[in-house]
Amino acid sequence: MAGHRWDIFLSYAHEEYREAEKLRDYLRRHRTSDDRTPVVFLDESKEGIRPGADWAQALREGIRHSRFFVPLYSRAYFNKHMCRNELTEALNVRDAPPGWIIPVLLEQVSEIPITASHIQYLPVTNPDWSERLRDLLGLTTRPVRRALAVSRPPGTVYASLTATCEVRVDDDFAEQVTIRAEPASVGLNGTLTMRARAGVAAFTDLSFTAPTPLVRLVAEAPGHEPGVSDAFEVRAQATRPPAAHGTRMAVRGQPVFLPDGQALAVCSDEALVLSRYGQSEHVELRTGPRLTATGATCLAVADWTGRVVLTPPTTVFDAPGKGLTVPGALAFEGDTLYAGMWNGQIWTVSAGQPPAPHLRHPAGVQALAVHEGCCWWRGTTGGSRSTTRPTSWPSTRWSR
């Protein structure tokens, strides 16, 4: 029993995996005597059998190097050869202290093997069985941790459109996080309960059914103080004025939608028509459209000659140069557009601001991505990234 690597080994039948997982999560909400989150051996979890390991040997080591062995008795448990082997292995551990095997009875069974019949089990029919198991395992109630850190959705939030936010929890905490809105009348919808991974619970499909001038997101998780986001506004979608009977757009093309739901028609006759609530705005393209991309509130369209249209407000940029000014990729960071050309030049374009050269890649630009000031691009001979804002090829490159 020397050299414990795990605090608790959970032995269960495959049919009871959900019950074993719930028990694992419950135990991890508590603390050991040396103020740690208990390490629970559950074979299919990251604390269990590693990919590529000999599973039979891993089970033996898990049993022999755990402080407690907790089998989940059920009819299926005693019908499984592997479960009986695990129980036998635990009974044969040398120098095991009294009480290191603590069986939990999930359901009545007709017969317990005589080798284990002398060990008193803990039936789940007892109202306080989980608290008693916690005490027998030497665990204490987890103290209240720091408040959850809740980010507000980025950009303008509109009712009936999706939004995202992140909730940060303790790094060693993988419990489920639940999110709600205050006031509740805003009608928060989406996946409102997520399990934290690597200290972050990411909610990516939140939506609001009603506008409100002031709303906050509240996140809750067991063992943490609730977290509250900064206040923000949820705006209503602008109502389109009723069109005259029989009115329709006199153009045809590929419809592309702005982030706030307004429709943009990309026309096949080398023109761009932006339709907003019965009013249209025409922007000339030199050729047919090649690429489109959306930012936080803007949309960009580029044609084959290097003309880039950013809207709203409408900004037209013609890439200088001859030959390969064909756009290879468009990428947004917020509402700042990065436009990469086949000739290798990457430009930044913002509404109301003059376009600026960002950097140049001799092999051209075929793919482009931007995140938190870092730019990744790929040409015909490979990819690189830059954490600066150079106007020429950076002196330091990272292969990607």
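Author: Rings of Phe, Tyr and Trp (its six-membered ring) pair if their centres lie within 6.5 Å, and planes under 30 degrees apart count as stacked, over 60 as edge-to-face and the rest as tilted. This is a predicted model, in which local features need pLDDT of at least 70, side-chain atom pairs count only at pLDDT 80 or more, and totals for chains, interfaces and linings use all residues. Residues are numbered from 1 along each chain as its sequence is written, and side-chain values use heavy atoms, with hydrogens and water left out.

Reader: Which residues do ring pairs link into a cluster?

Author: A search of the whole structure finds 11 aromatic pairs. Among them, F9 and F41 are stacked, at 4.6 Å centre to centre and 20° between the planes. The cluster that ring pairs link consists of W6, F9, F41, F69 and W100.

Reader: How many residues apart in sequence are the parts that the pair of F9 and F41 ties together?

Author: Helices (H or I, at least four residues) and strands (E, at least two) are DSSP runs, numbered from the N terminus. F9 lies in strand β1 (residues 6-11) and F41 in strand β3 (residues 40-41), so the parts tied together by this pair are separated in sequence by 32 residues.

Reader: What is the distance between the ring centres of F9 and F69, and how many residues apart in sequence are the parts they tie together?

Author: The ring planes of F9 and F69 meet at 20° and their centres are 5.6 Å apart, so this pair is stacked. Because F9 lies in strand β1 and F69 in strand β4 (residues 66-73), the pair ties together parts whose separation in sequence is 60 residues.

Reader: Is F69 buried or exposed, and at what relative accessibility?

Author: Buried means under 20% relative accessible area, exposed over 50%, and partly exposed in between (1.4 Å probe, protein chains only). F9 counts as buried at 1% relative accessibility. F69 also counts as buried, and its relative accessibility is 0%.

Reader: Where do the buried residues of α5 fall, seen down the axis?

Author: In helix α5 (residues 129-136), the buried residues are S130, L133 and R134. The arc is that of the directions from the helix axis to the C-beta atoms. Seen down the axis of α5, the buried residues fall within an arc of 100°, so they line one face of the helix.

Reader: Which elements do the buried residues of α5 pack against?

Author: Contact means heavy atoms within 4.5 Å. The partners of the buried residues of α5 are α1 (17-28), β2 (30-31), β5 (104-105), β6 (122-123) and β7 (140-141).

Reader: How far apart in space are E21 and L42, C-alpha to C-alpha?

Author: E21 has its place in helix α1 and counts as partly exposed at 23% relative accessibility. E21 and L42 are 21 residues apart in sequence, and their C-alpha to C-alpha distance is 7.8 Å.

Reader: Which residues make the nonpolar surface patch?

Author: Accessible areas come from the Shrake-Rupley method with a 1.4 Å probe, and for residues only the protein chains shown count as cover. W304, in the loop between β25 (299-303) and β26 (307-311), is partly exposed with a relative accessible area of 42%. The nonpolar surface patch, of about 300 Å², is made by W304, L324 and W342.

Technical notes. Patch = residues over 30% accessible without salt bridge, like charges linked within 9 Å, V, L, I, M, F, W, Y side chains within 5 Å. Salt bridge = Lys/Arg side-chain N within 4 Å of Asp/Glu carboxyl O.
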